[in-house]
Amino acid sequence: MKDLVYLNDIHIVDASGVFILLNKQIGSWCLVSREEKKLVERLSKGPLPLDIVQKEDSTSGEPLPLFRRLLVSGIININDVCFLKDEYIEDESQPFTIVVKTTDRCNLKCGYCYTEYTKISHESFSTEALVGSLRRIREILGPKRKILVVFHGGEPLLFFDEIKRAILSINSSFENVDFSIQTNGTLLTPETVSFLQDNSARLGLSIDGHLFDMNRNRFKSEQTFLKVLDNIDLLSKSKVTFGLLSVVTASNAPFMKESLRWFIDRGVRSFVLNPMISRKGNYSSAFLDLLADSYISVIRFIDDWNSKHTDKAQLINERSCSAMIHTLLLQDHGQCYSIPCGAGYNCLALDTDNTPYLCDLFMGDPAFRITELSSIKTMGEEETIKAFINSTYINRKDECQDCPFDKICLFRCPADSYYIHGDFCHRHSLCELTKRLIPRIMKLLSSKEINPSNFIALQV
Ligand code: SF4
Ligand code: SF4
């Protein structure tokens with residue numbers, strides 16, 4: 001009997017001059033030209049003998065001939081056997097993250113701070129309560145799972161003495177726990193840096209670019225901004241692992257690459273560029289175009305930089321771009337990029353009064369309070385977590401269900417729909433950015449203009 005080639009269940013997306021074929025079940029994809037698409041159209045009418053399909057092969061400038069491209073990306077199968085080159089790698093080194101709301105107080109008032117949307121209590125956290133929760137979480141997770149404790153705010157360094165006490169106390173009672181602090185950088189001192197270095201605690205520092213004008217949403221005075229730049233120098237000269245976190249807005253988007261370059265020259269190697277999230281979900285088309293161009297230029301810049309540097313210490317990383325590339329290659333990239341997301345399973349958040357929530361974005365909302373941490377054996381048993389997974393994954397009914405990019409969407413946090421619409425049924429407010437970026441990144445990957453191994457999966 002002759003071998004037969006079958007077409008899998010696919011979406012076809014016209015992406016100006018090229019067509020994206022996507023496997024509906026898993027989101028694997030490949031690009032084909034208009035000419036190459038004709039073979040797919042013939043296969044859509046029924047299976048064809050293998051020798052006929054192979055004969056019609058073409059390369060059209062793509063690195064892989066058409067037949068192999070369709071086969072390894074799960075678009076076709078032979079005799080119902082799928083030859084998808086399965087590159088999905090579950091990264092077991094991903095820690096279970098506990099976000100600790102250190103305090104809701106802050107010495108700045110950034111224009112886009114989401115703390116004002118949560119209803120947290122007003123004291124600082126307590127070391128004793130945190131250690132108690134950690135003990136319970138350690139029992140649930142078992143001794144081996146790495147835990148990352150992230151001190152968040154408000155501004156955590158307002159309560160640095162309590163953070164120090166917590167880190168020393170946790171280190172004396174637990175193994176396999178890492179620490180990170182997310183700060184605005186204004187209160188850093190040589191003593192703080194030295195403590196972080198001695199205790200291997202990481203630090204994420206928020207700054208929106210290398211010029212004061214780019215930071216108008218953060219700093220009221222240029223003096224404060226310059227102090228933060230000095231503190232970045234202090235960190236660069238230390239052995240503390242740190243990264244910079246920026247919110248990308250219309251005013252800094254065109255200069256993101258220049259800012260990266262400027263900070264790289266000052267010794268920074270790790271970045272996070274988060275698009276500004278509008279709580280109303282409104283973005284102008286011009287702003288989305290600007291964001292898309294900015295991310296593409298950063299992707300090209302990272303690829304170029306990392307391909308020219310072999311010394312590991314020189315390699316740079318930007319989390320959003322890495323996440324986009326890894327998502328399109330169906331590789332795991334942490335709790336916010338998996339389906340379902342890791343809220344409750346791979347992370348939780350503790351309010352200042354130690355109340356646990358699914359994720360820091362839901363902190364203060366009783367609907368997402370984890371109630372049964374004290375009595376459960378696994379995270380999956382907990383009712384709030386089960387209900388969340390049910391509505392965002394198992395029984396989801398949302399606007400994304402028929403989208404060809406559903407399995408590889410770049411911005412997928414369910415809290416976005418919840419805060420804008422009060423449910424989990426709406427597409428992400430950055431949907432149109434995703435639709436601008438996916439075809440462009442696919443073209444870069446497919447033509448091998450960028451090398452995925454230049455995009456490191458690191459956490460700040
Ligand atoms: S957010 Fe938009 S691009 Fe993403 S899956 Fe939903 S509809 Fe598709
Ligand atoms: S709710 Fe959003 S922020 Fe929280 S884990 Fe899920 S994707 Fe990440």
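1. In this predicted model, N231 touches G185, T186 and L188, when residues up to four places away in sequence are not counted. N231 lies in helix α7, which covers residues 222–237. Its relative accessibility is 5%, so N231 counts as buried, the cut-off being under 20%.

2. The chain as a whole contains 13 helices and 16 strands. Its radius of gyration is 24 Å, close to the 23 Å that the globule rule gives for 460 residues, so the chain is as compact as a globular protein of that length. Along the principal axes, the C-alpha atoms fill a box of roughly 75 × 50 × 40 Å.

3. Several totals describe the interior and the surface. Of the 460 residues in the chain, 54% are buried. Among contacts with a separation of 6 or more, 70% are between residues 24 or more positions apart. The chain exposes about 21000 Å², and carbon and sulfur atoms supply 52% of this area.

4. Strands of a sheet pair through backbone hydrogen bonds, in either the parallel or the antiparallel sense. Here nine strands form an open sheet with mixed pairing, in the order β14-β13-β12-β11-β10-β9-β8-β15-β16. At the edges stand β14 (317–318) and β16 (356–357); each has a single partner strand, so one side of each is left without a neighbour in the sheet.

5. Which strand pairs with β11 over four bridges? The partner is β12 (residues 242–248), and it runs parallel to β11 (residues 202–206). One residue pair can be named: the bridge partner of S206 is L245 in β12.

6. Strand β15 (residues 347–350) is covered on both faces. C347 and A349 are buried on one side, and L348 and L350 are buried on the other. Strand β8 (residues 96–101) pairs with β15 in the parallel sense over four bridges, and I98 has L348 of β15 as its bridge partner.

7. The pairing of β15 with β16 is antiparallel and consists of two bridges. L350 has P356 of β16 as its bridge partner. These two strands form a hairpin with five residues between them. In the turn, N354 has a positive phi of about 75°.

8. Is F424 buried or exposed? F424 has a relative accessible area of 15%; because this is under 20%, the residue is buried. F424 is placed in the loop between α12 (414–421) and α13 (431–446). Leaving out residues up to four places away in sequence, F424 touches F362, F368, F388, S391, T392, D398, P414, S417 and Y418. One of these, S391, is 33 residues from F424 in sequence, while the two C-alpha atoms are 7.1 Å apart in space.

9. T327 belongs to helix α10 (residues 319–328). With a relative accessible area of 6%, T327 is buried, because buried means under 20%. Beyond its neighbours within four places in sequence, T327 is in contact with Y337, I408, C409, L410 and R412. From T327 to F301 the separation is 26 residues in sequence and 19 Å in space, C-alpha to C-alpha.

Methods: Residues numbered from 1 in each chain as written. Chains lettered and ligands numbered in written order. Predicted model: local features only at pLDDT ≥ 70, side-chain atom pairs only at ≥ 80, totals over all residues. Heavy atoms only, no water. Rg over C-alpha atoms; globule rule 2.2 N^0.38 Å. Buried < 20%, exposed > 50% of the residue type's maximum accessible area, 1.4 Å probe, protein only. Contact = heavy atoms within 4.5 Å. Areas by Shrake-Rupley, 256 points an atom, 1.4 Å probe, with all protein chains shown as cover. Pairing = 2+ DSSP bridges.
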